[in-house]
Amino acid sequence: MRFFINNLKNSGKVKVMVSEEDDEAIIVEDGNGKYCVVFDPLDGSSNIDAGVNVGTIFGIYRVKEGSKGSADDALRPGNEMVVAGYCMYGSSCNLVITTGQGVNGFTLDPVRNYYSL
């Protein structure tokens, strides 16, 4: 999870992050991020050696108007999300996302190093 947190902090786009892995919301103090990202690892990390896929679920909200960033930015209905999805990592890497207009799924092509539909 530290990988996600560090990269989201450095993106300049995120103000708040919330995960089951952390007791408190993570507020990015410096910067003017406009998004609140909620994410959580999908169980299975204890079975990585058995070749079982692991992954991450996530959702992205816009930070509330006038908010300086708090857990309240994440405590909202799912229909207020800008994006939601999950990524699975294992023998293949898959990304499934929605922006509210259908669902798109992608699989990483390691030979060409890009995602394909």
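Mentor: The chain has 1 helix and 8 strands, and from the N terminus on, its elements run α-β-β-β-β-β-β-β-β. This is a predicted model, in which local features need pLDDT of at least 70 and side-chain atom pairs count only at pLDDT 80 or more, while totals for chains, interfaces and linings use all residues. Residues are numbered from 1 along each chain as its sequence is written, and side-chain values use heavy atoms, with hydrogens and water left out.

Trainee: What makes a stretch of the chain a helix or a strand?

Mentor: Both are DSSP runs, numbered from the N terminus: a helix is a run of H or I with at least four residues, and a strand is a run of E with at least two. S19, for example, is found in strand β1, F58 in strand β4 and Y86 in strand β5.

Trainee: Why is S19 called buried?

Mentor: Buried means under 20% relative accessible area, exposed means over 50%, and partly exposed lies in between (1.4 Å probe, protein chains only). S19 has a relative accessibility of 6%, and therefore counts as buried. Buried residues make up 28% of the 117 residues in the chain.

Trainee: Is R76 buried or exposed, and why?

Mentor: R76 has a relative accessible area of 18%, so R76 is buried. R76 lies in the loop between β4 (54–62) and β5 (83–89).

Trainee: Which term applies to E65 and to G78, and why?

Mentor: E65 has a relative accessible area of 83%, and is therefore exposed. For G78 the value is 48%, so G78 is partly exposed. E65 lies in the loop between β4 and β5, and G78 is found in that loop too.

Trainee: Why is F58 not called buried?

Mentor: F58 has a relative accessible area of 21%, and is therefore partly exposed. Y86, at 33%, is partly exposed for that reason too.

Trainee: How do you know that R76 makes a polar contact with E80?

Mentor: A polar contact is a pair of N or O atoms within 3.5 Å; within protein, one must be able to donate a hydrogen and the other to accept it, and residues adjacent in sequence count only if both atoms are side-chain atoms. The side chains of R76 and E80 make such a contact at 2.8 Å. In another case, a polar atom of the S19 side chain lies 3.2 Å from the backbone oxygen of F39.

Trainee: What makes a group of residues a nonpolar core?

Mentor: Such a core is a set of buried Ala, Val, Leu, Ile, Met, Phe, Trp, Tyr and Cys residues joined through side-chain atoms within 4.5 Å. The largest one has 7 residues: I5, V14, M17, I26, V28, V37 and F39. The elements that give two or more residues to this core are β1 (14–19) and β3. A second, separate core of 6 residues includes V16, C36, V63 and A74.

Trainee: What makes a space a pocket?

Mentor: On a 1 Å grid over the protein atoms alone, a pocket is an open set of points with protein on both sides within 12 Å along at least five of seven lines, whereas a cavity is a set where a 1.4 Å probe fits but cannot get out. The largest pocket has a volume of about 240 Å³; grid points are joined across faces, edges and corners, and a volume is the space filled by probe spheres set on the points.

Trainee: Which residues line the largest pocket?

Mentor: Lining residues have an atom within 4 Å of a point. Among them are F3, F4, N7, L8, F58 and Y89. The element that gives the most to this lining is α1, with 4 residues.

Trainee: How many of the lining residues are nonpolar, polar and charged?

Mentor: The lining divides into 10 nonpolar, 2 polar and no charged residues. Here Ala, Val, Leu, Ile, Met, Phe, Trp, Tyr, Cys and Pro count as nonpolar, Asp, Glu, Lys and Arg as charged, and the others, Gly among them, as polar.
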